[in-house]
Amino acid sequence: MTAYELGPVVAERRVECVAGDGTRTEVVIRFGTPHPDPLSPHDDWCCPHQVLGLGDEAVGASFGVDSLQALLLSVHRVRLELAERAARAAVDLDWLGLADLGLTVEPPTRP
């Protein structure tokens, strides 16, 4: 397994972890600044991310053909990891009552 460094944090979200007995603890999601992947022969980009307070706190990363794709894929991966970790720990996660913790953005369109 490759170890990644988070580096400068470009975005962070704090969510609540709610246990069955109502106990609430904080989970912190951090995204590092996307940067060129030094190991890529195709000039791909890397975006590191980290989840603190709900299991493994190692820094992970997602990759894309540019910085935006790497960032978007990192957000998507964290959303999936949070759902898996919450299910495994039998807890609920909450951010403003949104089921996806606000990590999926689909702005409404006007009719």
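Is Val 27 buried or exposed? Val 27 is buried, with a relative accessible area of 0%, where buried means under 20%, exposed over 50% and partly exposed in between, using a 1.4 Å probe and protein chains only. The model is predicted: local features need pLDDT of at least 70, side-chain atom pairs count only at pLDDT 80 or more, and totals for chains, interfaces and linings use all residues. Residues are numbered from 1 along each chain as its sequence is written, and side-chain values use heavy atoms, with hydrogens and water left out.

**Overall layout**

- The protein chain holds one helix and six strands; helices are DSSP runs of H or I with at least four residues, strands are runs of E with at least two, and both are numbered from the N terminus.
- Read from the N terminus, the order of elements is β-β-β-β-β-α-β.
- Along the principal axes, the C-alpha atoms fill a box of roughly 50 × 45 × 20 Å.
- The chain has 111 residues, of which 32% count as buried.
- Among contacts with a separation of 6 or more, 44% come from residues 24 or more positions apart; a contact means heavy atoms within 4.5 Å.

**Strand pairing**

- Strands β1 (9-18) and β2 (residues 24-32) pair in the antiparallel sense over nine bridges; two strands pair if DSSP finds at least two bridges between them.
- In this pairing, Arg 14 stands opposite Val 28 in β2.
- β1 and β2 form a hairpin with five residues between them, and Gly 22 in the turn has a positive phi of about 90°.
- β2 also pairs with β4 (residues 45-52), in the antiparallel sense and over four bridges.
- Arg 30 stands opposite Gln 50 in β4.

**Two buried valines**

- Val 15 is found in strand β1 and is buried, with a relative accessible area of 2%.
- Leaving out residues up to four places away in sequence, Val 15 touches Thr 25, Glu 26, Val 27, Ile 29, Asp 94, Trp 95 and Leu 101.
- Val 15 and Gly 55 are 40 residues apart in sequence, and their C-alpha atoms are 14 Å apart in space.
- Val 27 is found in strand β2.
- With residues up to four places away in sequence again not counted, Val 27 touches Arg 13, Arg 14, Val 15, Cys 17, Val 51, Leu 52, Gly 53, Leu 54, Leu 82 and Leu 93.
- Val 27 and Asp 94 are 67 residues apart along the chain, with a C-alpha separation of 9.7 Å.

**Largest pocket**

- Rolling a probe the size of a water molecule over the atoms shows where empty space is left.
- The largest pocket contains about 250 Å³ of space; the volume is the space filled by probe spheres set on grid points, which are joined across faces, edges and corners.
- On a 1 Å grid over the protein atoms alone, with a 1.4 Å probe, a pocket is an open set of points with protein on both sides within 12 Å along at least five of seven lines, and its lining residues have an atom within 4 Å of a point.
- The lining of the largest pocket has 13 residues, of which Val 75, Gly 102, Leu 103, Thr 104 and Val 105 lie nearest the centre.
- β1 and α1 (67-89) each supply at least two residues of this lining, and α1 gives the most, with five.
- The lining divides into seven nonpolar, three polar and three charged residues; Ala, Val, Leu, Ile, Met, Phe, Trp, Tyr, Cys and Pro count as nonpolar, Asp, Glu, Lys and Arg as charged, and the others, Gly among them, as polar.

**Cysteines**

- The count of disulfides is zero, a disulfide being a pair of cysteine sulfur atoms within 2.5 Å.
- Cys 46 is in no disulfide, and the nearest cysteine sulfur, that of Cys 47, is 7.1 Å away.
- Cys 46 counts as buried at 4% relative accessibility.
- Cys 17 is buried too, with a relative accessible area of 7%.

**Positive phi outside glycine**

- Ala 90, in the loop between α1 and β6 (92-94), has a positive phi near 55°.
- Ala 90 is exposed, with a relative accessible area of 62%.
- Leu 96, in the segment after β6, has a positive phi of about 55° although it is not a glycine.
- Leu 96 is exposed, with a relative accessible area of 68%.
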